Amino acid sequence: MTARLVVKQGPVPNQEIELHGQLMNIGRSADNEIVINDAEVSRRHARILQRTGPTGSQFLLEDLGSTNGSFVNNLRCNTLTPLSDGDVIELGDSIQLVFLVRDEIGESIDESDFDTADLPPLPPAPPPALMQQAPPQEPAQPMTPPWWTSRRVLIGCGCATLLLLCLCVVTLLALDSYQGGSVLYCGGLRPFFEIVLGPFGFSPICP
């Protein structure tokens with residue numbers, strides 16, 4: 001009994017791969033017996049084992065912990081899965097292989113019920129998403145307070161107001177002195193001015 005794989009969908013469509021020996025590894029790495037150079041296939045994806053018993057040889061498929069999984073007739077292989085003539089093996093989303101078995105005289109076993117042309121093609125795998133690094137964000141600049149809230153401006157305004165008040169007081173005193181004290185000194189603030197200005201000899205003439 002001889003077995004082979006026919007590439008239904010993959011890098012080389014319609015390629016035939018003869019299965020020989022008790023163990024054949026399938027993967028992307030060059031040290032596998034069956035090398036499939038495809039991004040969906042892991043470095044060591046799966047393997048096909050041949051067991052010989054009293055009733056003849058049996059082929060089994062075993063997944064080797066691949067990233068995208070191994071499937072037989074759309075069923076995921078979680079354990080050793082027996083292969084029969086006409087089974088469809090899928091590796092990931094982009095590889096599709098047909099398992100065929102022939103007897104010693106070269107006739108296909110139950111191959112008349114299987115037509116590879118009836119297999120629907122797998123949809124093309126979407127391109128891998130490109131991870132783009134976000135541009136670095138500039139640190140937030142501290143908000144500058146309005147100019148009228150600046151400490152220097154407030155201090156300056158206070159000093160200007162105090163200076164203006166002092167100037168007004170001096171001006172009033174000067175005018176009052178020029179009028180002989182008749183404006184302020186003789187009014188309601190007379191007792192205050194008598195105490196403050198009296199010792200300096202300031203004696204206004206009040207009517």
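Which residues touch the most other members in the largest nonpolar core?

A: The model is predicted. In the largest nonpolar core, which has 23 residues, Leu5, Leu19, Ile89 and Phe99 touch the most other members.

Strands S1 (2-9), S2 (16-19), S3 (23-27), S5 (46-53), S6 (56-63), S10 (88-91) and S11 (95-102) each supply at least two residues. The most comes from S11, which gives 4 residues.

Leaving aside residues up to four places away in sequence, Leu5 touches Gln15, Glu16, Ile17, Leu19, Ile34, Ile48, Ile89, Leu97, Val98 and Phe99.

The chain has 2 helices and 11 strands. Read from the N terminus, the order of elements is β-β-β-β-β-β-β-β-β-β-β-α-α. The chain has 207 residues, and 29% of them are buried. Of the contacts between residues at least 6 apart in sequence, 37% join residues at least 24 apart.

Side chains of opposite charge can pair when their charged atoms come close. In the whole structure, 3 salt bridges are found. One of them joins Arg4 and Glu16, with the closest N and O atoms 3.0 Å apart. Arg4 belongs to strand S1 and Glu16 to strand S2, so this pair ties together parts that are 12 residues apart in sequence. Arg4 counts as buried because its relative accessibility is 9%, and the cut-off for buried is under 20%.

Another salt bridge is made by Arg47 and Glu62, whose closest N and O atoms are 2.7 Å apart. Arg47 is in strand S5 and Glu62 is in strand S6, and the pair links parts of the chain 15 residues apart. Arg47 has a relative accessibility of 24%, so Arg47 counts as partly exposed. Glu62 is partly exposed as well, because its relative accessible area is 21%.

Asp31 pairs with Arg44, and their closest N and O atoms are 3.2 Å apart. Asp31 sits in the loop between S3 and strand S4 (34-35), while Arg44 sits in the loop between S4 and S5, 13 residues apart. Asp31 counts as partly exposed because its relative accessibility is 49%. Arg44 is partly exposed too, with a relative accessible area of 39%.

Gln50 has a relative accessible area of 14%, so Gln50 is buried. The side chains of Gln50 and Ser57 are joined by a polar contact of 3.3 Å. Not counting residues up to four places away in sequence, Gln50 touches Gly21, Gln22, Ser57, Gln58 and Phe59.

Two loop residues deserve a note about the backbone. Most residues other than glycine have a negative phi. Asn14 is not a glycine, yet has a positive phi of about 70°. Asn14 is placed in the loop between S1 and S2, and Asn14 counts as exposed because its relative accessibility is 62%. Asn74 likewise has a positive phi of about 70° although it is not a glycine. The loop that holds Asn74 runs between strand S7 (70-72) and strand S8 (75-76). Asn74 is exposed, with a relative accessible area of 61%.

Finally, nonpolar side chains are found on the surface too. Leu162, Leu165 and Val169 make a nonpolar surface patch of about 290 Å². Leu165 is part of helix H1, which covers residues 151-178. Leu165 counts as exposed because its relative accessibility is 54%, and the cut-off for exposed is over 50%. The chain as a whole exposes about 14600 Å², and 60% of this area is supplied by carbon and sulfur atoms.

Methods. Residues numbered from 1 in each chain as written. Predicted model: local features only at pLDDT ≥ 70, side-chain atom pairs only at ≥ 80, totals over all residues. Heavy atoms only, no water. Core = buried A, V, L, I, M, F, W, Y, C linked by side-chain atoms within 4.5 Å. Buried < 20%, exposed > 50% of the residue type's maximum accessible area, 1.4 Å probe, protein only. Contact = heavy atoms within 4.5 Å. Areas by Shrake-Rupley, 256 points an atom, 1.4 Å probe, with all protein chains shown as cover. Polar contact = N/O pair within 3.5 Å; in protein donor to acceptor, adjacent residues only side chain to side chain. Patch = residues over 30% accessible without salt bridge, like charges linked within 9 Å, V, L, I, M, F, W, Y side chains within 5 Å. Salt bridge = Lys/Arg side-chain N within 4 Å of Asp/Glu carboxyl O.
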